[in-house]
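Subject: Structure for you to look at

Hello,

I am handing over the structure below. Please open it first, then read my notes on what was found.

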Amino acid sequence: MEDYEVCSCNSINKSTIVKAIKEKGLTTLEEVKYETTAGSVCGGCCEEIEEILKETKRD
Ligand code: FES
């Protein structure tokens, strides 16, 4: 998997988000925000997080 920074406000990488989704069974943007803090500042990365959620749930 290609890793890159998804949330620049909090310096959260894609791998961190995917790991949290898998390990904690997260299903919503709100849960990802709570667990990783990604998406909780400017909200500019929220769409990207939704994409990652969809992608990860498919695996
Ligand atoms: S880039 Fe993620 S909250 Fe701003």
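This is a predicted model: local features need pLDDT of at least 70, side-chain atom pairs count only at pLDDT 80 or more; totals for chains, interfaces and linings use all residues.

Ser11 sits in the loop between β1 (5–7) and β2 (12–13). Its backbone stands out too. The phi of Ser11 is positive, about 50°, although Ser11 is not a glycine. For context, most residues other than glycine have a negative phi.

Thr37 is another residue to look at. Its phi is also positive, near 75°, and Thr37 is not a glycine either. You will find Thr37 in the loop between α2 (29–36) and α3 (46–58).

Now the overall layout. The protein has 3 helices and 2 strands. Along the sequence, the pattern runs β-β-α-α-α. The radius of gyration is 10 Å, close to the 10 Å that the globule rule gives for 59 residues, so the protein is as compact as a globular protein of that length. Its C-alpha atoms fill a box of roughly 30 × 25 × 15 Å along the principal axes. Buried residues make up 22% of the 59 residues. Then there are the contacts between residues at least 6 apart in sequence. Of these, 39% join residues at least 24 apart.

How do α1 and α3 cross? The axes of α1 (residues 14–24) and α3 come within 10 Å and cross at roughly 50°. That angle makes α1 oblique to α3. The crossing of α1 past α3 is right-handed. On the α1 side, the contact is made by Lys14, Ile17, Val18, Ile21 and Lys22. On the α3 side, Ile49, Ile52, Leu53 and Thr56 take part. By type, the residues of this contact divide into 6 nonpolar, 1 polar and 2 charged.

Then turn to the crossing of α1 and α3, with its angle of roughly 50°.

Best wishes

How values were computed
Residues are numbered from 1 along each chain as its sequence is written. Helices (H or I, at least four residues) and strands (E, at least two) are DSSP runs, numbered from the N terminus. The radius of gyration is taken over C-alpha atoms; the globule rule is 2.2 Å times the number of residues to the power 0.38. A residue is buried if 20 or more other C-beta atoms lie within 10 Å of its own, exposed if 12 or fewer, and partly exposed in between; C-beta atoms are placed from the backbone. Two residues are in contact if their C-beta atoms, placed from the backbone, lie within 7 Å. Axes are lines fitted to C-alpha atoms, for helices over the stretch in contact, and angles run from 0 to 180 degrees between N-to-C directions. Angles under 35 degrees count as roughly parallel, over 145 as roughly antiparallel, 65 to 115 as roughly perpendicular and the rest as oblique. A crossing is left-handed if the near helix is turned anticlockwise from the far one by less than a right angle, and right-handed if clockwise. Ala, Val, Leu, Ile, Met, Phe, Trp, Tyr, Cys and Pro count as nonpolar, Asp, Glu, Lys and Arg as charged, and the others, Gly among them, as polar.
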